[in-house]
Amino acid sequence: MNNITISNLDEEIKSRLQKRAEKHGRSLEEEAREILPMALIENYEYSLNLATIIEQCFANLGDFELPEIPGEPIRIVSTFEE
């Protein structure tokens with residue numbers, strides 16, 4: 001297996017990585033190994049689409065439909081010219 005060294009890593013990034021590693025019970029190196037594949041794999045298992053993420057959050061509530069909310073006509077922007 002290859003090794004890499006990351007020089008000049010911003011202290012704030014290192015601190016965030018350390019906190020994330022502690023939260024997941026991993027070392028800094030283990031956490032970086034977990035993050036890199038997620039960032040580099042093109043076909044994500046989890047969608048980054050906000051609508052899909054919201055849909056997944058409520059999927060366990062069962063099938064139901066929300067009523068359509070009628071839209072309003074576009075309002076004319078007021079101008080305050082003299």
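**Entry 1: ground rules.** I count a residue as buried under 20% relative accessible area, as exposed over 50%, and as partly exposed in between (1.4 Å probe, protein chains only). My model is predicted, so local features need pLDDT of at least 70 and side-chain atom pairs pLDDT 80 or more, while totals for chains, interfaces and linings use all residues. I number residues from 1 along each chain as its sequence is written, and side-chain values use heavy atoms, with hydrogens and water left out.

**Entry 2: the whole protein.** I looked up the secondary structure and found 3 helices and 0 strands, in the order α-α-α from the N terminus. Helices (H or I, at least four residues) and strands (E, at least two) are DSSP runs, numbered from the N terminus. Of the 82 residues, 4% are buried. The protein exposes about 8,800 Å², with 55% of that supplied by carbon and sulfur atoms; these areas come from the Shrake-Rupley method with a 1.4 Å probe.

**Entry 3: E31.** Next I went to E31, which sits in helix 2 (residues 28-40). Is E31 buried or exposed? E31 counts as buried because its relative accessibility is 0%. Its side chain makes a polar contact with the side chain of R20 at 2.6 Å. For that term I need a pair of N or O atoms within 3.5 Å; within protein, one must be able to donate a hydrogen and the other to accept it, and residues adjacent in sequence count only if both atoms are side-chain atoms. Leaving aside neighbours within four places in sequence, I find E31 in contact (heavy atoms within 4.5 Å) with L17, R20, A21, H24 and R26.

**Entry 4: helix 1 against helix 2.** Helix 1 (residues 11-23) packs on helix 2 at about 100 degrees, and the axes are 9 Å apart. The axes are lines fitted to C-alpha atoms, for helices over the stretch in contact, and angles run from 0 to 180 degrees between N-to-C directions. The two helices are therefore roughly perpendicular, a label for 65 to 115 degrees; under 35 is roughly parallel, over 145 roughly antiparallel, and the rest oblique. From helix 1, K14, L17, Q18, R20 and A21 meet L28, E31, A32, I35 and M38 of helix 2.

**Entry 5: two more residues.** S27 lies in the loop between helix 1 and helix 2 and is partly exposed, with a relative accessible area of 33%. I also checked N8, in the segment before helix 1. N8 is exposed at 80% relative accessible area, and its phi is positive, about 55 degrees, although N8 is not a glycine. Most residues other than glycine have a negative phi.
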